[in-house]
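I opened this notebook to record a few look-ups in the structure shown below. The entries follow the order in which I took up each topic.

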Amino acid sequence: MKRILLNLRIGVRSLLSFKLRSTLAILGVFLGTLSLVVVTSLSASLAVQTEQEIEKLGRNLLIISSGQVRKHARTVRYMSQATNLTVADAEAIAAESTHVKMVSPSSGKLFPVRYGGKVLPAILVTGVMPNYPQIRSFYVQEGRFVHWEDHSNLAKVVVLGARVAEILFGSQNPIGQTVLVHRVPCRVIGVMEPKGSDISGADRDSQVFVPLNTYLRSLVNQTHVNTIFAQTYERESMAPAEAEITGLLRLRHRITSGKEDDFTVINMRDVTALQSQAMDTVSTLGAVSSAVSFVIGGMGILSIMILMVSERRMEIGIRRAMGSRKRDIVFQFLTESSFISLLGGVAGAVVGVLGASVIFGLWELPYEVSYSGVLLALAASVAVGVLGGVYPSKKAISIQPVHILRGS
């Protein structure tokens with residue numbers, strides 16, 4: 001330990017003789033460590049956010065939509081609509097699919113919603129089944145949700161989204177009040193919990209829910225639905241369930257071989273996978289920039305260590321003449337080069353963690369510092385220092401004491 005401290009003191013004294021070169025060498029390692037810590041922490045945070053967004057949509061959720069749909073990162077775009085997705089299709093999926101735990105057909109359309117003198121001209125009115133909250137992980141905060149009796153009796157009841165309730169009623173209790181959904185008077189039976197926007201950008205608080213039968217017969221006078229939500233037993237069941245549902249619906253809709261589906265099965269994990277791929281690209285670019293910074297830092301360390309060997313030829317020769325072994329000289333220079341890189345690495349890691357924390361706060365991301373990334377960055381910084389000191393240490397031990405003493 002005493003030898004290490006002595007070597008560090010000698011190294012610090014030597015580094016202070018080359019302040020500019022030392023600063024540049026430390027800066028290269030600092031930037032490499034900083035970028036690696038920030039990128040790995042940002043990737044970890046976005047991965048957590050993606051899982052949270054999936055949980056907002058519903059656990060192990062498949063969405064069967066009428067017509068053709070195209071999936072893009074963070075959005076789902078409807079290319080065409082169809083009118084032959086029915087409640088009977090949902091019942092068939094529930095009865096025949098071995099991987100599906102729960103099914104909930106749903107349909108929605110924009111309608112005006114009125115209370116007193118307040119009018120919301122275009123609110124998404126969604127017809128749902130009573131199991132909708134369980135399958136979508138979206139629950140009532142006040143009152144109750146739609147019951148099976150409401151569905152079967154075509155009850156004219158409504159559950160308000162949190163934002164709709166706030167705009168229409170303010171601080172007044174909406175439970176038991178009557179609102180006009182389109183031209184249909186509906187009694188308010190509940191208010192949903194605040195949920196915010198989902199991964200598609202839709203505001204889940206700016207909608208209202210009515211029993212599906214009430215929606216189909218009293219509001220739109222139709223028999224088909226827009227969407228069927230299917231929840232699988234586990235995450236691993238989603239892919240086989242998707243294939244199973246596709247085959248079943250093609251059979252029920254009499255779609256022959258070679259014909260396009262008139263529906264789309266959306267695996268929400270596939271949608272978020274597109275987002276993950278985009279983030280992987282950013283992570284790769286961050287890793288490349290980190291590698292470039294580490295290389296620059298390593299070249300800086302190599303340069304300053306070679307210069308230090310040249311400036312300390314007399315010191316090295318005298319130490320060799322007085323009995324210092326080659327490995328002592330090697331250890332001296334490797335300690336100094338490692339100290340330079342570790343200094344930059346520690347500073348980069350500290351600033352990287354602080355910088356990542358600021359980004360989490362500004363972007364409202366989950367706080368998820370990648371400590372494995374911090375350790376990797378510190379290990380990389382030390383490795384750069386060791387590699388940068390190998391050649392100068394070999395150059396140092398090649399110095400012959402007799403040549404130094406002769407003054408040659």
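**Entry 1: Gly297**

I began with Gly297, which I located in helix α9, residues 268-311. I was working with a predicted model throughout. Is Gly297 buried or exposed? I found a relative accessibility of 0% for Gly297, so this glycine counts as buried; the cut-off for buried is under 20% relative accessible area.

I then looked up what surrounds Gly297. Setting aside neighbours within four places in sequence, I noted that Gly297 is in contact with Ala25, Gly28, Val29 and Val384. I also checked Gly297 against Gly388: they are separated by 91 residues in sequence, while their C-alpha atoms lie 8.8 Å apart in space.

**Entry 2: Ala230**

I next turned to Ala230, which I placed in strand β11, residues 227-232. The relative accessible area of Ala230 is 0%, and I therefore recorded Ala230 as buried.

Which residues are in contact with Ala230, leaving aside its neighbours within four places in sequence? I listed Asn60, Leu61, Leu62, Ile64, Val100, Met102, Val103, Ile135 and Ile245. For one of these contacts, Val103, I also looked up the separation. Ala230 and Val103 are 127 residues apart in sequence, yet 4.5 Å apart from C-alpha to C-alpha.

**Entry 3: Helix α10**

In helix α10, residues 313-321, I looked for buried positions and noted Ile316, Gly317 and Arg320. These residues cover an arc of only 100° around the axis, so they are on the same side of α10. I set beside this the general rule that an α-helix has 3.6 residues a turn, so residues three or four places apart point the same way.

I also checked what comes after the helix. Gly323 follows α10, and I recorded a positive phi for Gly323, near 110°.

**Entry 4: A nonpolar surface patch**

Finally, I examined a nonpolar patch on the surface. I recorded its members as Leu342, Val346, Val350, Val351, Leu354, Val382, Val386, Leu387 and Val390, which together have about 690 Å² of accessible area.

Which helices each supply at least two residues of the patch? I found α11 (326-363) and α12 (371-397). The largest share, five residues, comes from α11.

With a relative accessible area of 32%, Val382 is partly exposed. Patch membership requires over 30% relative accessible area, and I noted that Val382 is one of the members.

How values were computed: Residues are numbered from 1 along each chain as its sequence is written. This is a predicted model: local features need pLDDT of at least 70, side-chain atom pairs count only at pLDDT 80 or more; totals for chains, interfaces and linings use all residues. Side-chain values use heavy atoms; hydrogens and water are left out. Patches are made of residues with over 30% relative accessible area and no salt bridge: like charges are joined within 9 Å, nonpolar side chains (Val, Leu, Ile, Met, Phe, Trp, Tyr) within 5 Å. Accessible areas come from the Shrake-Rupley method with a 1.4 Å probe; for residues, only the protein chains shown count as cover. A salt bridge is a side-chain nitrogen of Lys or Arg within 4 Å of a carboxyl oxygen of Asp or Glu. Helices (H or I, at least four residues) and strands (E, at least two) are DSSP runs, numbered from the N terminus. Buried means under 20% relative accessible area, exposed over 50%, partly exposed in between (1.4 Å probe, protein chains only). The arc is that of the directions from the helix axis to the C-beta atoms. Contact means heavy atoms within 4.5 Å.
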